[in-house]
Amino acid sequence: MKIIENHSLKAFNTFGIDKKSRFFTQAGDLDSLKKSLLWAREKGLQVLILGGGSNVLLTQDFPGLVIKIELKGIQVIQETSDEIWVEVGAGENWHDWVLYALKHNWAGIENLSLIPGTVGASPMQNIGAYGVEIKEVFESLNALDRESLDIVSFDSEACQFGYRESIFKHELKDRYVITSVVFRLQKEPKINVEYGAIQETLKKNGVKDLTIQAVSDAVVEIRRSKLPDPREIGNAGSFFKNPTISHEQFKSLKTDFPSIPGYPVDSGVKVPAGWLIEQAGWKGKKFGEVGVHAKQALVLVNYGNGDGKAIQELAQKIQDSVLEKFGIQLSPEVNFI
Ligand SMILES: Cc1cc2nc3c(=O)[nH]c(=O)nc-3n(C[C@H](O)[C@H](O)[C@H](O)COP(=O)(O)OP(=O)(O)OC[C@H]3O[C@@H](n4cnc5c(N)ncnc54)[C@H](O)[C@@H]3O)c2cc1C
């Protein structure tokens, strides 16, 4: 266990915010993870668990211990003629895991290609993209109880997955460290190209053979064309969740804003937050070192030396103006630290 003092977190969050942690360590195995947690407990320090830092906004220096999860390993634990169960270490890079599955022709996560971050964080907000969420391929996860230091297993029901939600963001926030995730993948692909953009890209590229590799390639191409690369401009992907409003509210908004997009979901109508933010006039706006991305209004950016607090304030102003214009309350997807 190597503890570093006053460590810059700039390289450990995709916003590239230059905040420090009082103490910093990396946990490559369970033993060092437990020792780090005990060390922090003895010193009465707060602990922040960090994966790839692609869904956090650092608004201040962290006064406790940051533990970066580096638990690795990919292991087949069960298989039948048409399905396979694979346990993946929490510190594995998500997209590397997608590539690994593609190489073995295991289907189910190809639509989730190129999402930044780690496997361990993927259940935190039930990551999703292009018509798929991980809950569809999720079997269970193992997590270390930060109090008892016991390993506990959670099945899908126990995780209470929702749209960009799980129990780990609510009742069990800061209670567990996810150490591995078990995925249930298909050997006979059930290809999901419901998303219009995937179909268009496959058509444009003249793809005839509809493989999971072709779907992944299309998703990667779309994402590269739409989303800013955090290595070039600091960001955390979608800053806000797409809100769901009632059918009545949607109908009334349609009268005032006839072009408002929306698609029905179980609890009402989901409206793209990016559209609302763009209509409220924020797209491409720059305020010193921070701003709203020029191509994608849902993405807040740090142009270089931006401060987390400035992004937090900008997010609040956007929320206020969307609420005023449309009567819709936006909720952040990003975790504020
Ligand atoms: C360019 C870009 C595009 C994106 N696109 C998408 C997208 O299409 N769909 C999507 O769903 N998300 C997307 N995201 C958000 C992000 O990639 C995901 O939320 C990802 O799962 C975060 O992983 P991470 O390892 O970086 O988590 P971090 O940012 O390190 O952590 C996120 C939260 O999870 C906690 N945490 C992390 N690891 C663990 C663990 N092992 N145990 C317990 N708690 C943990 C942290 O404390 C924090 O609260 C995007 C982000 C970027 C930058």
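Okay, let's start at the ligand: one of its oxygen atoms is 2.9 Å from an N or O atom in the side chain of Gln 125. Keep in mind that this is a predicted model.

Two other spots to look at. At Ile 49, an oxygen atom of the ligand is 2.6 Å from a polar backbone atom. Over at Arg 164, there's an N or O atom in the side chain that is 3.4 Å from a ligand oxygen.

So how much of the ligand does the protein bury? On its own the ligand exposes 980 Å², and the protein buries 94% of that.

Who's doing the surrounding? There are 32 residues around the ligand, and the closest are Ile 49, Gly 51, Gly 52, Ser 54 and Thr 118. By type, that shell splits into 15 nonpolar, 14 polar and 3 charged. Strands E3 (47-50), E8 (128-129) and E12 (176-186) are the elements giving two or more residues to it, and E12 gives the most, with 3.

Let's zoom in on E17. It is joined to E18 (residues 290-292) by 2 bridges, and the two run antiparallel. For Phe 287, the bridge partner in E18 is Val 290.

Definitions and conventions
Residues numbered from 1 in each chain as written. Predicted model: local features only at pLDDT ≥ 70, side-chain atom pairs only at ≥ 80, totals over all residues. Heavy atoms only, no water. Pairing = 2+ DSSP bridges. Helix = DSSP H or I, 4+ residues; strand = E, 2+ residues; numbered from the N terminus. Near = heavy atom within 4 Å. Polar contact = N/O pair within 3.5 Å; in protein donor to acceptor, adjacent residues only side chain to side chain. Areas by Shrake-Rupley, 256 points an atom, 1.4 Å probe, with all protein chains shown as cover. Nonpolar A, V, L, I, M, F, W, Y, C, P; charged D, E, K, R; others polar.
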